[in-house]
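Reader: Hi, I have this one open on my screen and would like to go through it slowly. Could you start with what I need to know to read how helices pack?

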Amino acid sequence: MTPTLPTTAPTAARAVSAAPSARTAAARRRRYGAPTVLLAPFFVLFTTATLVPIGYAVYLSLFTEHRSGLGFGGSETVFTGLGNYTRALGDGAFRGGFRNLAQYCLLYIPLMMCLALVLALLLDSALVRARRFFQLALFLPHAVPGTIAALVWVYLYTPGISPVIGALNSAGAVADLLGHPLPAVVNMAVWEWTGYNMVIFFAALQAIPREVLEAARVDGAGPLRTALSIKVPLIRSSLTVVGLFTVIGSLQLFTEPMILHGTTPSVVSTWSPNMYAYTAAFERHDYGLAAASSVLLALAAAALSFVVTRATRTRSGRTRPQTETGAVA
(Lines give C-alpha, C1' and ligand atoms only; values in the text may rest on other atoms or scores of the structure.)
Protein backbone atom coordinates (compact mmCIF):
# COMPACT_ATOMS: atom_id res chain seq x y z
CA MET A 1 0.00 0.00 0.00
CA THR A 2 1.53 3.27 -1.16
CA PRO A 3 1.66 6.07 1.35
CA THR A 4 -0.32 9.25 0.63
CA LEU A 5 0.94 12.77 1.36
CA PRO A 6 -1.09 14.99 3.62
CA THR A 7 -3.49 17.22 1.75
CA THR A 8 -2.40 20.23 3.76
CA ALA A 9 1.16 20.26 2.38
CA PRO A 10 0.44 22.22 -0.88
CA THR A 11 -1.69 24.68 1.03
CA ALA A 12 1.06 25.28 3.55
CA ALA A 13 3.61 25.69 0.77
CA ARG A 14 1.45 28.26 -0.96
CA ALA A 15 0.94 30.12 2.30
CA VAL A 16 4.68 30.19 2.95
CA SER A 17 5.38 31.46 -0.58
CA ALA A 18 2.61 34.05 -0.39
CA ALA A 19 3.86 35.54 2.85
CA PRO A 20 7.03 37.09 1.35
CA SER A 21 5.10 38.47 -1.62
CA ALA A 22 2.59 40.08 0.73
CA ARG A 23 5.41 41.60 2.74
CA THR A 24 7.03 42.83 -0.48
CA ALA A 25 3.80 44.44 -1.63
CA ALA A 26 3.33 46.12 1.75
CA ALA A 27 6.91 47.40 1.69
CA ARG A 28 6.41 48.69 -1.85
CA ARG A 29 3.25 50.52 -0.81
CA ARG A 30 5.06 52.08 2.15
CA ARG A 31 7.95 53.08 -0.09
CA TYR A 32 6.00 54.63 -2.94
CA GLY A 33 2.78 55.61 -1.18
CA ALA A 34 4.04 58.77 0.52
CA PRO A 35 5.84 60.17 -2.60
CA THR A 36 2.73 59.48 -4.67
CA VAL A 37 0.51 61.36 -2.25
CA LEU A 38 2.93 64.28 -2.02
CA LEU A 39 3.48 64.54 -5.79
CA ALA A 40 -0.18 64.11 -6.77
CA PRO A 41 -1.14 67.80 -6.19
CA PHE A 42 1.77 68.92 -8.37
CA PHE A 43 0.81 66.65 -11.25
CA VAL A 44 -2.83 67.70 -10.97
CA LEU A 45 -1.92 71.40 -11.08
CA PHE A 46 0.63 70.84 -13.83
CA THR A 47 -1.93 69.03 -15.94
CA THR A 48 -4.72 71.57 -15.42
CA ALA A 49 -2.56 74.71 -15.60
CA THR A 50 -0.02 73.68 -18.27
CA LEU A 51 -0.84 70.59 -20.30
CA VAL A 52 -4.54 71.33 -20.78
CA PRO A 53 -4.00 74.98 -21.93
CA ILE A 54 -1.24 73.86 -24.30
CA GLY A 55 -3.49 71.19 -25.77
CA TYR A 56 -6.36 73.66 -26.11
CA ALA A 57 -4.08 76.20 -27.83
CA VAL A 58 -2.93 73.54 -30.31
CA TYR A 59 -6.58 72.63 -30.92
CA LEU A 60 -7.57 76.28 -31.53
CA SER A 61 -4.65 76.78 -33.89
CA LEU A 62 -6.10 74.19 -36.26
CA PHE A 63 -9.38 76.07 -36.79
CA THR A 64 -10.49 79.46 -38.00
CA GLU A 65 -13.81 81.30 -38.11
CA HIS A 66 -15.42 82.37 -41.37
CA ARG A 67 -18.19 84.96 -41.30
CA SER A 68 -20.84 85.04 -43.98
CA GLY A 69 -21.94 88.11 -45.90
CA LEU A 70 -20.60 91.44 -44.63
CA GLY A 71 -20.03 90.15 -41.12
CA PHE A 72 -23.65 90.50 -39.98
CA GLY A 73 -24.38 86.83 -40.34
CA GLY A 74 -23.26 83.95 -38.18
CA SER A 75 -19.74 82.59 -38.04
CA GLU A 76 -18.63 79.12 -39.01
CA THR A 77 -15.65 77.30 -37.51
CA VAL A 78 -13.60 75.70 -40.28
CA PHE A 79 -10.72 73.27 -39.94
CA THR A 80 -7.63 74.74 -41.59
CA GLY A 81 -4.86 72.40 -40.45
CA LEU A 82 -1.58 74.29 -40.64
CA GLY A 83 -3.16 77.28 -42.34
CA ASN A 84 -2.90 79.52 -39.27
CA TYR A 85 0.77 78.63 -38.87
CA THR A 86 1.39 79.53 -42.50
CA ARG A 87 -0.40 82.85 -42.03
CA ALA A 88 1.65 83.68 -38.94
CA LEU A 89 4.98 82.78 -40.52
CA GLY A 90 4.07 84.67 -43.67
CA ASP A 91 3.15 87.84 -41.77
CA GLY A 92 5.97 90.37 -41.73
CA ALA A 93 4.76 91.79 -38.41
CA PHE A 94 5.18 88.41 -36.72
CA ARG A 95 8.67 87.94 -38.13
CA GLY A 96 9.51 91.53 -37.20
CA GLY A 97 8.54 90.76 -33.59
CA PHE A 98 11.12 87.98 -33.48
CA ARG A 99 13.70 90.35 -34.95
CA ASN A 100 13.00 92.92 -32.23
CA LEU A 101 13.11 90.14 -29.66
CA ALA A 102 16.53 88.97 -30.90
CA GLN A 103 17.92 92.50 -30.58
CA TYR A 104 16.43 92.76 -27.10
CA CYS A 105 18.03 89.47 -26.00
CA LEU A 106 21.45 90.43 -27.39
CA LEU A 107 21.41 93.61 -25.31
CA TYR A 108 19.49 92.59 -22.20
CA ILE A 109 20.82 89.13 -21.32
CA PRO A 110 24.59 89.87 -21.28
CA LEU A 111 24.09 93.24 -19.61
CA MET A 112 21.80 91.96 -16.87
CA MET A 113 23.79 88.81 -16.11
CA CYS A 114 27.14 90.63 -16.00
CA LEU A 115 25.73 93.33 -13.75
CA ALA A 116 24.09 90.79 -11.41
CA LEU A 117 27.30 88.74 -11.23
CA VAL A 118 29.48 91.78 -10.50
CA LEU A 119 27.12 92.93 -7.74
CA ALA A 120 27.05 89.44 -6.22
CA LEU A 121 30.85 89.25 -6.25
CA LEU A 122 31.08 92.66 -4.60
CA LEU A 123 28.62 91.64 -1.90
CA ASP A 124 30.52 88.40 -1.34
CA SER A 125 33.81 90.22 -0.86
CA ALA A 126 35.02 91.25 2.59
CA LEU A 127 35.22 94.92 1.57
CA VAL A 128 31.47 95.61 1.57
CA ARG A 129 29.86 97.07 4.69
CA ALA A 130 26.12 96.88 5.45
CA ARG A 131 25.74 93.82 3.28
CA ARG A 132 22.17 93.09 4.34
CA PHE A 133 21.09 96.63 3.49
CA PHE A 134 22.51 96.46 -0.04
CA GLN A 135 20.95 93.03 -0.61
CA LEU A 136 17.53 94.40 0.28
CA ALA A 137 18.04 97.64 -1.67
CA LEU A 138 19.10 95.78 -4.81
CA PHE A 139 16.26 93.26 -4.55
CA LEU A 140 13.49 95.82 -3.97
CA PRO A 141 13.00 96.71 -7.68
CA HIS A 142 11.98 93.11 -8.35
CA ALA A 143 9.32 93.36 -5.63
CA VAL A 144 7.60 96.13 -7.59
CA PRO A 145 4.98 94.67 -10.01
CA GLY A 146 6.08 94.84 -13.64
CA THR A 147 3.15 97.02 -14.72
CA ILE A 148 3.78 99.56 -11.96
CA ALA A 149 7.50 99.62 -12.76
CA ALA A 150 6.78 100.17 -16.46
CA LEU A 151 4.42 103.05 -15.66
CA VAL A 152 7.06 104.68 -13.44
CA TRP A 153 9.67 104.41 -16.18
CA VAL A 154 7.26 105.82 -18.76
CA TYR A 155 6.81 108.82 -16.46
CA LEU A 156 10.59 109.20 -16.27
CA TYR A 157 10.91 108.87 -20.06
CA THR A 158 8.20 111.36 -21.06
CA PRO A 159 9.44 114.90 -21.90
CA GLY A 160 7.70 117.77 -20.12
CA ILE A 161 6.82 115.81 -16.98
CA SER A 162 9.98 113.81 -16.32
CA PRO A 163 12.38 115.36 -13.77
CA VAL A 164 15.24 113.43 -15.38
CA ILE A 165 14.54 114.85 -18.85
CA GLY A 166 14.08 118.29 -17.32
CA ALA A 167 17.44 118.10 -15.51
CA LEU A 168 19.20 116.93 -18.68
CA ASN A 169 17.61 119.70 -20.73
CA SER A 170 18.63 122.28 -18.12
CA ALA A 171 22.21 121.02 -18.38
CA GLY A 172 22.13 121.49 -22.15
CA ALA A 173 21.85 117.80 -23.03
CA VAL A 174 18.99 116.84 -25.31
CA ALA A 175 17.69 113.37 -24.44
CA ASP A 176 14.97 111.54 -26.35
CA LEU A 177 14.56 108.32 -24.36
CA LEU A 178 11.44 107.35 -26.31
CA GLY A 179 12.96 107.91 -29.74
CA HIS A 180 13.90 104.24 -29.99
CA PRO A 181 12.05 101.77 -27.78
CA LEU A 182 14.77 99.11 -27.53
CA PRO A 183 17.06 100.89 -25.00
CA ALA A 184 14.03 101.96 -22.97
CA VAL A 185 12.66 98.40 -22.77
CA VAL A 186 16.10 96.95 -21.95
CA ASN A 187 16.59 99.51 -19.18
CA MET A 188 13.24 98.59 -17.60
CA ALA A 189 14.04 94.87 -17.63
CA VAL A 190 17.57 95.34 -16.29
CA TRP A 191 16.29 97.50 -13.44
CA GLU A 192 13.65 94.90 -12.54
CA TRP A 193 15.60 91.63 -12.79
CA THR A 194 19.20 92.43 -11.84
CA GLY A 195 18.56 92.30 -8.09
CA TYR A 196 16.64 89.05 -8.32
CA ASN A 197 19.42 87.22 -10.17
CA MET A 198 22.03 88.87 -7.97
CA VAL A 199 20.47 87.12 -4.97
CA ILE A 200 20.75 83.76 -6.77
CA PHE A 201 24.41 84.34 -7.58
CA PHE A 202 25.14 85.56 -4.06
CA ALA A 203 23.55 82.43 -2.53
CA ALA A 204 25.70 80.25 -4.82
CA LEU A 205 28.82 82.18 -3.79
CA GLN A 206 28.00 81.69 -0.12
CA ALA A 207 27.92 77.92 -0.69
CA ILE A 208 31.54 77.80 -1.88
CA PRO A 209 33.72 76.11 0.78
CA ARG A 210 35.70 78.70 2.67
CA GLU A 211 38.71 76.35 2.69
CA VAL A 212 39.04 76.76 -1.07
CA LEU A 213 39.12 80.55 -0.80
CA GLU A 214 41.57 80.40 2.09
CA ALA A 215 43.86 78.17 0.02
CA ALA A 216 43.71 80.66 -2.84
CA ARG A 217 44.67 83.52 -0.54
CA VAL A 218 47.52 81.50 0.95
CA ASP A 219 48.83 80.85 -2.56
CA GLY A 220 48.91 84.60 -3.19
CA ALA A 221 45.78 85.06 -5.32
CA GLY A 222 44.29 88.53 -5.08
CA PRO A 223 40.57 89.34 -4.88
CA LEU A 224 40.20 89.70 -8.66
CA ARG A 225 42.07 86.48 -9.42
CA THR A 226 40.07 84.62 -6.77
CA ALA A 227 36.79 85.90 -8.21
CA LEU A 228 37.61 85.01 -11.82
CA SER A 229 39.51 81.75 -11.30
CA ILE A 230 37.76 80.27 -8.28
CA LYS A 231 34.35 81.77 -7.59
CA VAL A 232 32.95 82.15 -11.10
CA PRO A 233 33.86 78.59 -12.26
CA LEU A 234 32.38 77.10 -9.08
CA ILE A 235 28.99 78.77 -9.63
CA ARG A 236 28.77 77.84 -13.31
CA SER A 237 25.65 75.75 -12.67
CA SER A 238 23.88 78.80 -11.23
CA LEU A 239 24.95 80.86 -14.22
CA THR A 240 23.49 78.20 -16.51
CA VAL A 241 20.16 78.10 -14.68
CA VAL A 242 19.84 81.89 -14.61
CA GLY A 243 20.77 82.11 -18.28
CA LEU A 244 18.19 79.47 -19.21
CA PHE A 245 15.39 81.12 -17.24
CA THR A 246 16.35 84.53 -18.61
CA VAL A 247 16.14 83.26 -22.19
CA ILE A 248 12.68 81.79 -21.54
CA GLY A 249 11.52 84.97 -19.81
CA SER A 250 12.89 87.19 -22.59
CA LEU A 251 10.84 85.35 -25.19
CA GLN A 252 7.72 86.22 -23.19
CA LEU A 253 8.39 89.97 -23.36
CA PHE A 254 5.05 91.79 -23.18
CA THR A 255 4.51 94.20 -20.28
CA GLU A 256 7.19 96.80 -20.98
CA PRO A 257 6.55 97.33 -24.72
CA MET A 258 2.80 97.14 -24.16
CA ILE A 259 2.97 100.02 -21.67
CA LEU A 260 5.22 102.00 -24.01
CA HIS A 261 2.78 101.37 -26.86
CA GLY A 262 0.39 103.95 -25.44
CA THR A 263 3.02 106.70 -25.15
CA THR A 264 5.33 106.40 -28.13
CA PRO A 265 4.44 105.73 -31.79
CA SER A 266 7.67 103.79 -32.34
CA VAL A 267 6.25 100.81 -30.41
CA VAL A 268 3.56 99.22 -32.57
CA SER A 269 0.99 96.74 -31.34
CA THR A 270 3.00 93.86 -32.84
CA TRP A 271 6.43 94.90 -31.53
CA SER A 272 7.01 91.50 -29.86
CA PRO A 273 5.54 88.05 -30.64
CA ASN A 274 3.44 88.14 -27.47
CA MET A 275 2.01 91.51 -28.49
CA TYR A 276 1.23 90.06 -31.93
CA ALA A 277 -0.72 87.18 -30.34
CA TYR A 278 -2.51 89.59 -27.98
CA THR A 279 -3.51 91.85 -30.87
CA ALA A 280 -4.71 88.93 -32.97
CA ALA A 281 -6.84 87.56 -30.13
CA PHE A 282 -8.33 90.64 -28.46
CA GLU A 283 -8.34 93.27 -31.21
CA ARG A 284 -8.86 91.23 -34.38
CA HIS A 285 -10.68 88.34 -32.64
CA ASP A 286 -8.69 85.84 -34.70
CA TYR A 287 -8.18 83.20 -32.04
CA GLY A 288 -6.79 80.62 -34.44
CA LEU A 289 -4.00 82.93 -35.55
CA ALA A 290 -3.31 83.96 -31.95
CA ALA A 291 -3.09 80.31 -30.85
CA ALA A 292 -0.82 79.43 -33.78
CA SER A 293 1.56 82.31 -33.04
CA SER A 294 1.61 81.30 -29.36
CA VAL A 295 2.47 77.71 -30.24
CA LEU A 296 5.25 78.89 -32.57
CA LEU A 297 6.62 81.10 -29.78
CA ALA A 298 6.55 78.15 -27.37
CA LEU A 299 8.41 75.98 -29.89
CA ALA A 300 11.01 78.71 -30.35
CA ALA A 301 11.44 78.96 -26.57
CA ALA A 302 11.86 75.19 -26.26
CA ALA A 303 14.39 75.06 -29.10
CA LEU A 304 16.40 77.99 -27.75
CA SER A 305 16.37 76.51 -24.24
CA PHE A 306 17.67 73.23 -25.63
CA VAL A 307 20.47 75.02 -27.47
CA VAL A 308 21.46 77.03 -24.39
CA THR A 309 21.43 73.93 -22.18
CA ARG A 310 23.54 71.87 -24.59
CA ALA A 311 26.00 74.71 -25.17
CA THR A 312 26.55 75.35 -21.47
CA ARG A 313 26.77 71.64 -20.70
CA THR A 314 29.38 71.10 -23.42
CA ARG A 315 31.42 74.07 -22.28
CA SER A 316 31.32 73.01 -18.63
CA GLY A 317 32.36 69.48 -19.62
CA ARG A 318 35.40 70.74 -21.50
CA THR A 319 36.60 73.20 -18.85
CA ARG A 320 36.44 72.06 -15.24
CA PRO A 321 37.04 74.53 -12.41
CA GLN A 322 40.47 74.11 -10.87
CA THR A 323 40.27 74.29 -7.11
CA GLU A 324 43.63 72.87 -6.13
CA THR A 325 46.02 75.22 -4.43
CA GLY A 326 48.53 75.02 -7.22
CA ALA A 327 45.98 76.22 -9.81
CA VAL A 328 45.89 79.77 -8.49
CA ALA A 329 49.48 80.19 -7.48
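Author: Axes here are lines fitted to C-alpha atoms, for helices over the stretch in contact, and the angles run from 0 to 180 degrees between N-to-C directions. Please keep in mind that this is a predicted model.

Reader: OK, so at what angle do helix 7 and helix 10 pack, and how far apart are their axes?

Author: The angle between helix 7 and helix 10 is about 165°, and their axes lie 10 Å apart. Angles over 145 degrees count as roughly antiparallel, and helix 7 and helix 10 are therefore roughly antiparallel to each other.

Reader: Is their crossing left-handed or right-handed?

Author: The crossing of helix 7 and helix 10 is right-handed.

Reader: And which residues meet there?

Author: From helix 7 come Asn-197, Ile-200, Phe-201 and Ala-204, which meet Ser-238, Leu-239, Val-242 and Thr-246 of helix 10. Sorted by class, this contact has five nonpolar residues, three polar ones and no charged ones.

Reader: How does the lining divide by class?

Author: The lining of the second largest pocket has 10 nonpolar, seven polar and two charged residues.

Definitions and conventions: Residues numbered from 1 in each chain as written. Predicted model: local features only at pLDDT ≥ 70, side-chain atom pairs only at ≥ 80, totals over all residues. Heavy atoms only, no water. Nonpolar A, V, L, I, M, F, W, Y, C, P; charged D, E, K, R; others polar. Helix = DSSP H or I, 4+ residues; strand = E, 2+ residues; numbered from the N terminus. Parallel < 35°, antiparallel > 145°, perpendicular 65-115°, else oblique. Left-handed = near helix turned anticlockwise from the far one by under 90°. Contact = heavy atoms within 4.5 Å.
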